[in-house]
Every structure is written in structure tokens, then in C-alpha cells.
Amino acid sequence: MIDLYYWPTPNGWKISIMLEECGLPYTLRPVDITRGEQFAPEFLLVSPNNRMPAIVDHTAATEGSSVPVFESGAILVYLAEKTGQFLPTDVAGRTEVMQWLMWQVGGLGPMVGQNGHFLLYAPEKIPYAIERYSKEVHRLYGVLDAQLARTGAYVAGDSYSIADMAIVAWVRIHKAQQVPMADFPHVQRWYDHLLLRPAVQRGLNVGKTLRVNSLSDEARQTLFGQTAHSVRNGEHRPAAATPSLLGGADLALPRSQPGGFAPLRD
């Protein structure tokens with residue numbers, strides 16, 4: 001069984017889609033990032049960067065040890081290698097998928113995130129920031145559109161891959177990001193096609209009732225007010241352990257790592 005530490009955001013959707021596509025059994029462990037649950041000590045043992053998603057694979061064949069993985073790109077690669085699905089094994093095919101996965105992780109995701117922050121969440125509208133990130137998001141959509149025009153199918157070629165899963169999770173929020181999809185017909189064709197996949201629909205619907213439409217001042221501080229000092233001193237931690245992070249079996253680190261996980265108990 002795999003524990004999925006998750007909140008319904010684009011990065012979370014990447015992993016719920018992949019798990020559904022692979023047909024792997026998993027237990028959902030919601031991490032309410034608006035309440036600071038990503039700073040809970042139990043979660044930091046799994047994801048030291050205090051970001052979800054993360055997984056703990058209790059079925060890894062490493063002498064009974066559980067394997068924790070954080071960072072969405074790393075999780076996608078881990079699951080692809082574990083199952084032998086959605087990542088080619090030949091050098092050329094694997095490289096094509098990996099470079100587009102890295103394009104999303106290092107480009108599309110961060111830029112869409114910044115665009116969304118200044119467009120939707122910033123307490124004051126800063127025209128330069130809005131224009132800067134809006135233009136970069138449009139540029140990236142143009143890059144994606146050109147690539148999909150070349151392949152005529154999926155992002156990395158003829159086969160559906162983890163690169164598609166990573167990118168579609170971020171394209172899903174194009175309306176809120178005010179991206180005019182009419183300008184990107186190949187992205188629109190690809191997006192509509194992927195939404196027909198049952199596993200994509202199931203992945204996008206995981207935890208949909210958890211999502212909030214507005215943020216309190218406290219939630220804004222938790223999400224956007226982090227500094228090295230505040231994180232180091234645990235200022236954003238929830239006041240007490242919350243049910244969403246509890247309820248798993250005892251976890252054991254691989255032997256190559258010292259120590260072990262704190263048990264997550266009911």
C-alpha cells in the first residue's frame with residue numbers, strides 16, 4: 001500500500017492521476033496546507049521541504065522498509081520505474097519524456113504559480129508582476145502548443161507519459177489563470193483528449209471537496225509568509241496533530257539512512 005500525502009492542487013493532481021493510471025492501491029492522507037499541516041513533524045519526516053505531495057511506499061522490496069518520496073517529479077519517476085509504465089526504457093524515449101517533465105517542474109509550474117499568486121492572491125495588484133508572469137505563461141503555452149503540433153499526439157511523442165500527467169494538471173487551471181486557450185489549439189486538442197481518460201478524471205476528482213474557494217488571513221500567512229526563521233522555529237505548525245495526518249502503520253527508513261520515522265498512529 002502507498003500513502004499519498006495530498007491536497008487538491010496541480011502538484012497533488014499529478015500524483016493522484018499517476019496512481020489512478022497505474023492502478024496502484026493507495027491511502028489518501030490529506031495535508032491541509034491552509035492550516036499548516038505541511039509543517040507537522042510527522043509530515044516533515046516524509047517531506048523535509050514542507051511541501052506536498054509526498055508518498056510513502058510500504059510495498060517497496062527493500063527488506064521490509066518503507067520508501068518515502070517527496071517532490072512531484074521525483075514521485076512520478078519513482079512510480080513509473082516501480083510499475084514499468086508511462087516512461088520509456090530506451091534512451092531516446094526516456095530522455096524525451098524526462099526533458100518535458102523537467103520543463104514542467106522547472107518552468108510551467110513555477111511560472112503559472114507566480115502568475116496565479118499576483119493575479120489572484122496578492123493583497124495588492126502590481127501591474128508589472130502581473131504582466132511579467134502573464135507573458136511568461138503565455139510564452140510557455142506557446143512552446144507547448146508548438147511541441148504538440150509537431151507530435152500530433154502527446155507531449156513527448158506518440159505515447160502517453162508522465163510528462164503529460166505533470167503538464168495537464170497545471171493546464172487544468174487555465175481559466176483561473178486567464179489563459180486564452182483559443183490561442184493554443186493544439187494544447188486545447190490535447191487537453192480535451194486527456195480529459196476523456198477515466199483515470200485522469202478520477203485523479204482530478206480526488207479530494208475535490210477539500211478545496212477552499214477563499215483564504216483567511218491566517219491561511220495567507222501560512223502559505224505566503226514563510227521564512228527560513230519561521231520555518232526553522234516551527235511558527236507555522238498546527239497547534240496539535242490533526243486526524244488527516246494520522247492513521248498509518250509504523251514506518252521504517254531504509255537501512256542506508258539513520259534513525260526512523262515516527263509512527264503515525266490512529
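1. In this predicted model, residue I2 has Y26 as its bridge partner in strand β2. The two strands involved, β1 (residues 2-6) and β2 (residues 26-30), pair in the parallel sense, and five bridges hold the pairing. Between them the chain passes through helix α1 (residues 10-22), giving a β-α-β crossover that is right-handed.

2. I2 also has a bridge partner in strand β3, namely D57. Here β1 and β3 (residues 54-57) run antiparallel, with four bridges joining them. As background for a reader new to sheets, strands pair through backbone hydrogen bonds, in either the parallel or the antiparallel sense.

3. Taken together, four strands make up an open sheet whose order is β2-β1-β3-β4, and the pairing within it is mixed. Because β2 and β4 (67-70) stand at the edges with a single partner strand each, one side of each is left without a neighbour in the sheet. From one strand to the next, the twist averages 20°.

4. Helix α1 packs on this sheet, where it touches β1, β2 and β3, and its direction makes about 155° with that of β1.

5. Of the 266 residues, 51% count as buried, while the exposed surface comes to about 12800 Å², of which carbon and sulfur atoms supply 54%. Among contacts between residues at least 6 apart in sequence, 66% join residues at least 24 apart.

How values were computed:
Residues numbered from 1 in each chain as written. Predicted model: local features only at pLDDT ≥ 70, side-chain atom pairs only at ≥ 80, totals over all residues. Heavy atoms only, no water. Pairing = 2+ DSSP bridges. Right-handed = clockwise from strand over helix to strand, strands pointing away. Buried < 20%, exposed > 50% of the residue type's maximum accessible area, 1.4 Å probe, protein only. Contact = heavy atoms within 4.5 Å. Areas by Shrake-Rupley, 256 points an atom, 1.4 Å probe, with all protein chains shown as cover. Axes fitted to C-alpha atoms, helices over the stretch in contact; angles between N-to-C directions.
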